[in-house]
Every structure is written in structure tokens, then in C-alpha cells.
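Reader: I would like the terms used for this model set against their definitions. Please show the structure, and then I will ask.

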There are 2 protein chains.
Amino acid sequence: MALDAAIDVFREHGFDGTSADMLVEAMGIGRQSLYNTFGDKWRLYQAALQRYNILEGHAHVAALRTPTRAVDGLRAMMERVVDEARKPCLGVGAICEFGNSKPEVGKINAAADRILRAAIGARIREAQADGDVSTDLQPDEVVDFLIAAFAGIRVAARGGADVIRLEALGRTALRALR
Amino acid sequence: MALDAAIDVFREHGFDGTSADMLVEAMGIGRQSLYNTFGDKWRLYQAALQRYNILEGHAHVAALRTPTRAVDGLRAMMERVVDEARKPCLGVGAICEFGNSKPEVGKINAAADRILRAAIGARIREAQADGDVSTDLQPDEVVDFLIAAFAGIRVAARGGADVIRLEALGRTALRALR
DNA sequence: TCCGTTATGGACTGAACGTTCCAGAAAGAG
DNA sequence: CTCTTTCTGGAACGTTCAGTCCATAACGGA
């Protein structure tokens, strides 16, 4: 529960924008407990990012696999991104804040990405076999594109775009797969 | 020149990640001159963002208008984004760092967006008349989609994606207009 | 009930931060 | 050359921050 609270704070304010006091208050534990349990602010951030990636990855894959038809799974995943986009994405935040300057962040994100990419790639090949996604496209490139589209939608949402616009973004992005 | 140097620092490290000392060194002026000329760090950031938006907007529009055929203009704009994506975008950085919490940032970005959106929208309608962009699409939605695609590409680049991947992202995004 | 472990909050430290002060150097106009 | 304005570097200020210390309180198994 404490870690989930930390995730929320980091999502909203980033690493630099979050102070130890903000964390102590949001997590509902004493400052000393925070340092005893998580080491320091940076390791807490890494733990938060890792947990966020796991939760977010599972939710992605769940949406992806629920519908029987593969292309509907892709659509469901996109809809989920749109629905959840009001809350900032910690992964996007970490990339924008640190770029490649922190190898630990890169590793944590890469590990989560590998699993997600595999799941999306499989579903895309399935959809191609169903005739719902063009066979002109290389599955790996489509995976990259979808993940980049998610990031674009999340940035748009963070910039204040309303749900109608976000839905249009998701719809338009999926046209590229046709 | 000093402001351009400040832009470079803010692009790379964001607002919170940039210290006054970093700015003084990069801008090549005395600290006192910095405060005399720009007021404080926050106003300097606003000035940097505003200038960045103007330069970036002009470059976008120039690429957009150079080719005679409208769809080639859209492609040229996309290629420019891919080529320049190695350097972080200050606009994306500002949105990710602040969200909607700083109205000044929102205003500065909104003013730049209005001009850019109008230019892209006009070119899209032109391309629709040429038969190069589907008339099923609403021009405004395509504008939103392209700008979101730019953000997605820039986030991917910031995360370490190589040029080949970024080019594929641009190519795939443009498929959605067909 | 007792005892070892764990959690707590308030005071504290040292460093980094943004910003200001100040005295002097450089520059530019007349 | 002289006066005025602008620029400069270093010292200093007050604040905030991440992280530590410590004495105390809560907890949980036996």
C-alpha cells in the first residue's frame, strides 16, 4: 500500500518534483520507516517504477487477451490506454525525465517492455492471419508503433486533451494497421 | 545566443533538473547578468520555451510547405521530426514535467500549437483534395493524430530507439492517413 | 505477562539550491 | 578622456532538501 501511494506521487510529480516529505505524508509511514524499508529516495523510485511496470503490463496483457478475436484485443488495449490516460504514466515520465542518463531506469523499462512486446507481437500475427491487420506490415514495427502511439496519447492527455480527442487519437492510430 | 544555450540545457535536463550554475556556465554570462536580464529561473524557462516553440514551429511549417504536393509536405515534416528526434523536445518535456499545473506553460504551448495546427490542417485538406489523404478522416483529428505521433516518436527517441525504428514509426503513422 | 523486533516522529546535519549583495571591470557615448 | 551604463565574479543569505540520530511507542510471539 505504501509503495502504491509512492507510485501515485511519482506519477504526478516525477522524481525531482517529489520531496521526501511528500512521500512520507502520502505513504502514511514514518520517515524513518521509509528509509529503513526502501533505502533512499532513488531506490524507492526504482521500486515504484518496477511495480508500476508490472501492474501496467499485466493490465495491458489482460485487455489484449480478453476478446477472442485478436484485432479486438488490440482495440481493447488501446481503449484501456485512453481510459486510463488521465493519470500520468510513470514509464513515460521516467523516460522524459531521465532519457538514457540512468541505466537502472532503462533496465527496468526494458525488462517490462520485452514481455509486453512479445504479447502484442503474438496478437498482431494472429490478427494478420485473421485478415484484420495488413500483411504488408512487419509485426515488430507495428508493436513499436502501438507503444509509441500509447506514449503520444498519454502526452496529449497530460497536456490537457479531453476524452473525445483521446478516443479519436486511438481510433486514428488503429487505422494504420488496416 | 545565451537564450539558445539555456534552451539546450532545459531540453536535456528539464526545469527541476537544471541548476542556476548549469545555466550560468552554458549561457556564458555572469550569474548577475542572468538575473538582471531574465528575472529568475522560472521566467528564463518560460522565455526559453517560448523561443523554442517559435523556432520549432517555423521549422515545422517550412518543411510542411516546401514540397509542392501536400502529402509530400506532411512526409517532409514527419522526416524532420525523425531526424531531429535525437535531441529532446522542450515542449514534450514541459508537458511531462508540469502537466496542467503551470498555466503559463499551457498558454505558451497553446499559442504555438494554434499556429502549427492551422498550417497542418490546411495542408491536410489540400492532400484530401489531391486524393492522397482519405476523405473519411476529419482534418482536425488528423492534425491531433500527427502531433501525438510526433510526441510518441520523441518519447521513443528519448528512450533510446535508433533511427531505423524512428523512421519505421513515422512511416507507419502516415499509413493511418491513407 | 514479558521481551525482542519493528515503527514512529522530532530534532538535527551537511550540502545544494535560488537569489541577492557588492565592489570592481569592461564597454560605449559624448 | 570622462561619465554612465552594463557586465562580471565571488561572497553571502535564507531556504529546502535528502538522509541520519535517538529516544520512545507500538506490536507480536511465547
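Author: What follows takes the contacts between the chains, their symmetry, the core and the DNA surfaces in turn. This is a predicted model, in which local features need pLDDT of at least 70 and side-chain atom pairs count only at pLDDT 80 or more, while totals for chains, interfaces and linings use all residues. Residues are numbered from 1 along each chain as its sequence is written, and chains are lettered from A and ligands numbered from 1 in the order in which they are written.

Reader: What makes a residue of chain B count as in contact with chain A, and how many do?

Author: Two residues are in contact if their C-beta atoms, placed from the backbone, lie within 7 Å. By that test 33 residues of chain B are in contact with 33 residues of chain A. Two or more residues each come from helices H6 (90–98), H8 (139–158) and H9 (163–175) of chain B, and H8(B) gives the most, with 12 residues. Helices here are DSSP runs (H or I, at least four residues), numbered from the N terminus.

Reader: Why is the relation between chain A and chain B called a two-fold axis?

Author: A rotation of 180 degrees with 0.0 Å of shift along its axis superposes chain B on chain A, with an RMSD of 0.0 Å. That is the relation of a two-fold axis. The same surface serves both copies, as 100% of the contact residues of chain B recur in chain A. The superposition is by least squares on C-alpha atoms of residues with pLDDT of at least 70 in both copies.

Reader: What makes a set of residues a nonpolar core, and which residues have the most contacts inside the largest one?

Author: A nonpolar core is a set of buried Ala, Val, Leu, Ile, Met, Phe, Trp, Tyr and Cys residues joined through C-beta atoms within 7 Å; buried means that 20 or more other C-beta atoms lie within 10 Å of the residue's own. The largest such core has 108 residues, and Ile153(A) and Ile153(B) have the most contacts inside it. Among the residues that Ile153(B) touches are Ala148(A), Val81(B) and Leu166(B).

Reader: How do you know which residues are near DNA strand C?

Author: A residue is near a strand if its C-beta atom, placed from the backbone, lies within 6 Å of it. 15 residues surround DNA strand C, the closest being Gly30(A), Gln32(A), Ser33(A), Asp40(B) and Lys41(B). H3(A) gives the most to this surface, with 4 residues.

Reader: Which element gives the most to the surface near DNA strand D?

Author: H3(B) does, with 4 residues. Of the 15 residues around DNA strand D, those that come nearest include Lys41(A) and Gly30(B).

Notes. A residue is buried if 20 or more other C-beta atoms lie within 10 Å of its own, exposed if 12 or fewer, and partly exposed in between; C-beta atoms are placed from the backbone. Lists of a residue's contacts leave out its neighbours within four places in sequence.
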